[in-house]
Each structure stands twice: as structure tokens, then as C-alpha cells.
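User: Can you walk me through this model? I have a few quick questions.
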Amino acid sequence: MKTKKKTLLQIEEKYLAIMFNVEESGGELTEELDAELTLNEKELAGKSLSYIEFIGNQESFEARIADEIKRLQALKKTTSNRIGWLKEKLLQAVKIFGPYKAGLHKVGTRQSSAVEIFDADLITNDYKVRKITEAPDKAMIKDALKNGASVPGAVLVNKLHLKIS
């Protein structure tokens, strides 16, 4: 008969129950409670090892996904460049031969206009749009808060991060 593995939550709940029983018995750690605590610690170590291995696998998978994204982005750029090159060749053909039919398609040109800025400094302010971005300076705020200053709208929060070594 195979025993069902406990979840981390179940292990935590069992630990809290054991500690409650220790407190209820006036802080006395009986042999039975000590044995339960030892078993609980082994279950915690085993479950934690499973979590750490799974995290490692997921981080590896995430890295492979990132590599695949880079590969696909490079493939997209190559494809886009190829499309641009092919369109340029068709445009050259139309310039030489004029509009023509190719199968069910008509190949020709159309006129369009676009503004090309060759020196933005020469453009007067009448023809410019001002874009201003504003963001809090977190490093400056952190230093101020650490030095005891009060910064309205900000607080210094201590966080606890997982460290696996």
C-alpha cells in the first residue's frame, strides 16, 4: 500500500499542531511529540527538496522559453527582411516594365507621401510635440526613508526573499 505524500501546507499544519501540544503540556517535549517532530522535519526536508528540484526544472524551462523567443524573434526579423527585399525586387520590375499581371494579381505602384526629418534641431517649436515622462526616483526615496525622512506617498517595506543555496 502506497502512502499519500503530504503537501507543504499539511506539513506546516502538523508542525503547528505539534507545537501547540508542546505548549499545552507546559513546554514539555515528550518522547511521542519528539518522534512526531522528527518525522515532521524529515517530511519537510523531503518536500522542500521536491520543491527545490521542481523550481530548478521550471527555471530551466523558463530559460529555454526565453531562448526560443529570441530564436523566433531572429527568424521573424529574417523573414521580414526577406519580404522587404522581395517587395523591393518587384518594385524595381514595375519601374522597368510598368504595371503587369502575374496570375490573378496585378503588380503596380501607388503614390504616397511621408515626412522625412533629416535634422530635428532645425524644426521650430511650432512643429514639435513635447513629451514629458515623470516617475518617482525610488533610489532617492529609499535613501531618504532610511535616513528617517518622511516621504508622502511612500514607505520603506522590508521584504523576505527565498534563498536556495
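This is a predicted model: local features need pLDDT of at least 70, side-chain atom pairs count only at pLDDT 80 or more; totals for chains, interfaces and linings use all residues.

Analyst: Residues are numbered from 1 along each chain as its sequence is written, and side-chain values use heavy atoms, with hydrogens and water left out.

User: How many helices and strands are in the chain?
Analyst: The chain has 3 helices and 2 strands, in the order α-α-β-β-α from the N terminus. These are DSSP runs numbered from the N terminus: helices are H or I with at least four residues, strands E with at least two.

User: What radius of gyration does the chain have?
Analyst: The chain has 34 Å, while a compact globule of 165 residues would be near 15 Å. The radius is taken over C-alpha atoms, and the globule rule is 2.2 Å times the number of residues to the power 0.38. The C-alpha trace spans about 100 × 60 × 25 Å along its principal axes.

User: And how much of the chain counts as buried?
Analyst: 7% of the 165 residues. Buried is under 20% relative accessible area, exposed over 50%, partly exposed in between (1.4 Å probe, protein chains only).

User: Is asparagine 40 buried or exposed?
Analyst: Asparagine 40 is buried, because its relative accessible area is 3%. Asparagine 40 sits in helix α2, residues 31–97.

User: What does asparagine 40 touch?
Analyst: Leaving out residues up to four places away in sequence, asparagine 40 touches Ile11, Lys14, Tyr15 and Ile18. A contact means heavy atoms within 4.5 Å.

User: Where is asparagine 21?
Analyst: Asparagine 21 is in helix α1, residues 8–24. Asparagine 21 counts as partly exposed because its relative accessibility is 36%. Its C-alpha atom is 7.9 Å from that of leucine 33, 12 residues away along the chain.

User: Switching topic: what volume does the largest pocket have?
Analyst: About 190 Å³. A pocket is an open set of points on a 1 Å grid over the protein atoms alone, where a 1.4 Å probe fits, with protein on both sides within 12 Å along at least five of seven lines; lining residues have an atom within 4 Å of a point. Grid points are joined across faces, edges and corners, and the volume is the space filled by probe spheres set on the points.

User: Which residues line the largest pocket?
Analyst: Pro136, Lys138, Ile141, Lys142, Leu145, Ala154, Val155, Leu156 and Val157.
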